[in-house]
Amino acid sequence: MNWDDFANFGPDEFRCQCGCGAVEMDPDFIAALQRVRDEFGPMRISSGYRCPKHPIEAKKRAPGAHATGQAADILVSGSRALHLLRIALTHDDIQGVGVNQRGAHSGRFVHLDTVTENLPRPALWTY
């Protein structure tokens with residue numbers, strides 16, 4: 001994948017956080033996220049790619065959207081979270097939207113993904 005194709009994203013913010021450092025993001029997902037970002041403005045990614053050994057993925061029966069490089073969690077809360085949701089829901093390629101707006105504002109996020117296979121999509125959920 002050529003990260004130079006994306007004006008506002010680089011591999012470091014999407015690396016697996018289990019310690020392996022893998023960053024196997026799907027270029028189509030990053031392109032979709034870039035389009036959302038173009039409308040929304042700066043984003044802080046809290047979780048991008050997750051390898052099969054990542055503690056969250058290891059607990060699952062089947063790999064999730066993060067394990068295919070087709071998802072990211074964006075740290076955002078309050079009115080900015082609502083603004084992000086409004087934008088994301090206008091993009092047909094965004095197929096999964098998860099909302100976590102409980103607890104400390106520093107840990108609140110919105111999950112976006114482009115998965116179309118092996119998971120029920122389109123979907124909207126809360127954590």
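This is a predicted model: local features need pLDDT of at least 70, side-chain atom pairs count only at pLDDT 80 or more; totals for chains, interfaces and linings use all residues.
1. Which strands pair with β4? On one hand there is β2 (residues 71–75), antiparallel to β4 over five bridges, with aspartate 73 opposite histidine 111. On the other hand there is β3 (residues 96–100), also antiparallel to β4 and also over five bridges. In that pairing, valine 99 has valine 110 as its bridge partner.

2. β2 has a further pairing, with β1 (residues 45–47): the two run antiparallel and are joined by two bridges. Here serine 47 stands opposite aspartate 73, the residue that also stands opposite histidine 111 in β4. As for cover, four of the five residues of β2 are buried.

3. Now the helix α3 (78–88). Its buried residues are Ala81, Leu84, Leu85, Ile87 and Ala88. They sit on the same side of α3 because the arc they cover around the axis is only 165°. Ser79 and Arg86 are exposed on the other side of the helix.

4. The largest nonpolar core is worth a look next. It holds 30 residues, and Phe9, Phe14, Leu33, Leu84 and Leu112 have the most contacts inside it. At least two residues each come from α1 (27–40), β2, α3, β3 and β4. The top contributor is α1, which gives six residues.

5. Zoom in on phenylalanine 9. Setting aside neighbours within four places in sequence, phenylalanine 9 is in contact with Trp3, Phe14, Ile30, Leu33, Gln34, Arg37, Met43 and Ile45. Phe14 and Leu33 on that list are also among the residues with the most contacts inside the core.

6. Valine 115 lies in the loop between β4 and β5 (123–126). Is valine 115 buried or exposed? It counts as buried, because its relative accessibility is 4%. Beyond its neighbours within four places in sequence, valine 115 is in contact with Ala65, Thr68, Gln70, Gln95 and Arg121. Phenylalanine 40 is 75 residues away along the chain, with 21 Å between its C-alpha atom and that of valine 115.

7. Last, the cysteines. How many disulfides are there? The count is zero. The closest cysteine sulfur to that of cysteine 16 belongs to cysteine 18, 3.6 Å away and therefore too far for a bond. Cysteine 51 is in no disulfide either, with the sulfur of cysteine 18 as its nearest at 3.5 Å. The cut-off behind this is 2.5 Å between sulfur atoms. Cysteine 16 counts as buried at 5% relative accessibility, and cysteine 51 counts as buried at 8%.

Terms used
Residues are numbered from 1 along each chain as its sequence is written. Side-chain values use heavy atoms; hydrogens and water are left out. Two strands pair if DSSP finds at least two bridges between them. Buried means under 20% relative accessible area, exposed over 50%, partly exposed in between (1.4 Å probe, protein chains only). Contact means heavy atoms within 4.5 Å. A nonpolar core is a set of buried Ala, Val, Leu, Ile, Met, Phe, Trp, Tyr and Cys residues joined through side-chain atoms within 4.5 Å. The arc is that of the directions from the helix axis to the C-beta atoms.
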